[in-house]
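Welcome to this short tour. Have a first look at the fold below, and then we will walk through it together.

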Amino acid sequence: MIVFMSILGIITVIAVVYLIVKGYDARVVLIGAGIFMSCIGGVPMTALNAFAKSMTNSGLIQAVCSVMGFAMAIRFTECDKHLINAMAFILKRFRPLLIPGVVICTYLVNIALPSAAGTAAAAGAIFVPLLMAGGVNPAMAAAAVKCGTYGSMLNPGLAHNPFVAKIAGVGVMDVISYHYKANLASLAVATVLITTLAYVLKEDKGYVSKNLTLDSSFKVNLLHAVMPIVPIVILILGETHIMPIFKMGVPQAMIIGALLTLLVTRTSPSALGKAFFDGMGKAYGSILGIIISAGVFVAGLTSIGLVKLFINAMLNNPAIVKLCAAVGPFILAILVGSGDAATFAFNEAITPHAAAFGMTPVQMGSAATLAGTLGRTMSPIAGATIIVAGIAGINPIEVAKRNCLPMIGALIIGMFMLLY
């Protein structure tokens, strides 16, 4: 009976991956699969109880919803455009630094605006024309922007950070302080590789742009430009004790950032408030919805014994543990175009048992998160890929081909630093 349920569970997991690749809503697929497996396991309420428990995860709700609320307020006031145009103004004066500069600037924007698709749309609208105007091939221009869309790992509101922090029983800034060096090292490797690739393919110059042009009339307001990074600066200054008065939680920092944005931009308080709360609601539906769904899915896997089987397999073969944490979420994220579903499911099921494999929950959770994020950055069907490809007027697969080598290089160096 155990063997039968395990086989059925494996078939269900394969079906889940197939359906998500086909474009079905990941939340519906994960919840449906979780309920199905719980019923097969004879404990149908397990999946429903997991759903109810995940709905009220206070630490996650506070961090994720407040960050996305602030991001929506920043977008509404167009402070993100001022930040990106300020960066573009500097970059276009140093042509040899165009490609690496765009990768790094997009990464910095993604720290402040922790949505890969949102960053791709906002940064891509400025940086893709900038690169093409500088002679960079359209596919390489789009790939350079996409290459930088994983800076969100350094944002305390990225759902994975508080998720891992909760599992480990530590603060969210403790998780970031653990993986930031590996994250920055992976960025350095990816930046060097994509710049080198552009040079080797002769896509770094010579292109004549006909359709896309920069909006040279846009006037940057420096005060508006710094608003997106205010909460991050507050959190860093407080956590490092440089300014102990700034020691506070993520929601408090986001509210302060929103209030300062309101004062600086002199926007209607009711309009900015609506944008903030719309962002919070969207965060719960899209981001926390995935976390809730992953919890139901893992409850189903647990009810038929597949999680226990997987853990025992890794205990008997400790050499594959680190490989699973690194390669598993990476490959799944490439296939499904999202690093969230695969990473949340892995961290929910396996990371709480990290000590049994000689690792800490923060170590294993960070590795899975980085792997999933890099896989999504390389995926041809990720929302951010489709957005930058659309701006450049090319096929998304061309973006993925150019990001393949940089993301694999980033994965190798990142996992080496996190796991060894």
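What share of the contacts in the protein with a separation of 6 or more comes from residues 24 or more positions apart? Such residues account for 78% of those contacts, where contact means heavy atoms within 4.5 Å.

A word on the source: this is a predicted model, in which local features need pLDDT of at least 70 and side-chain atom pairs count only at pLDDT 80 or more, while totals for chains, interfaces and linings use all residues. Residues are numbered from 1 along each chain as its sequence is written, and side-chain values use heavy atoms, with hydrogens and water left out.

**The overall fold**

The protein has 20 helices and zero strands (DSSP runs numbered from the N terminus: H or I of at least four residues for helices, E of at least two for strands). Its radius of gyration is 21 Å, close to the 22 Å from the globule rule for 420 residues, so the protein is as compact as a globular protein of that length; the radius is taken over C-alpha atoms, and the rule is 2.2 Å times the number of residues to the power 0.38. Of the 420 residues, 53% are buried, meaning under 20% relative accessible area with a 1.4 Å probe and protein chains only.

**Two pockets**

A pocket here is an open set of points on a 1 Å grid over the protein atoms alone, where a 1.4 Å probe fits, with protein on both sides within 12 Å along at least five of seven lines; lining residues have an atom within 4 Å of a point. Volume is the space filled by probe spheres set on the points, which are joined across faces, edges and corners.

| Pocket | Volume | Lining residues |
|---|---|---|
| Largest | about 1,100 Å³ | 41 residues |

Nearest the centre of the largest pocket lie Ala117, Ser286, Ile287, Ser338 and Asp340.

**A closer look at Thr265**

Thr265 belongs to helix H13 (residues 250-265). With 15% relative accessibility, Thr265 counts as buried. Its side chain reaches the backbone oxygen of Thr261 at 2.6 Å. Leaving aside neighbours within four places in sequence, Thr265 touches Thr77, Cys79 and His224.

Key
Buried < 20%, exposed > 50% of the residue type's maximum accessible area, 1.4 Å probe, protein only. Polar contact = N/O pair within 3.5 Å; in protein donor to acceptor, adjacent residues only side chain to side chain.
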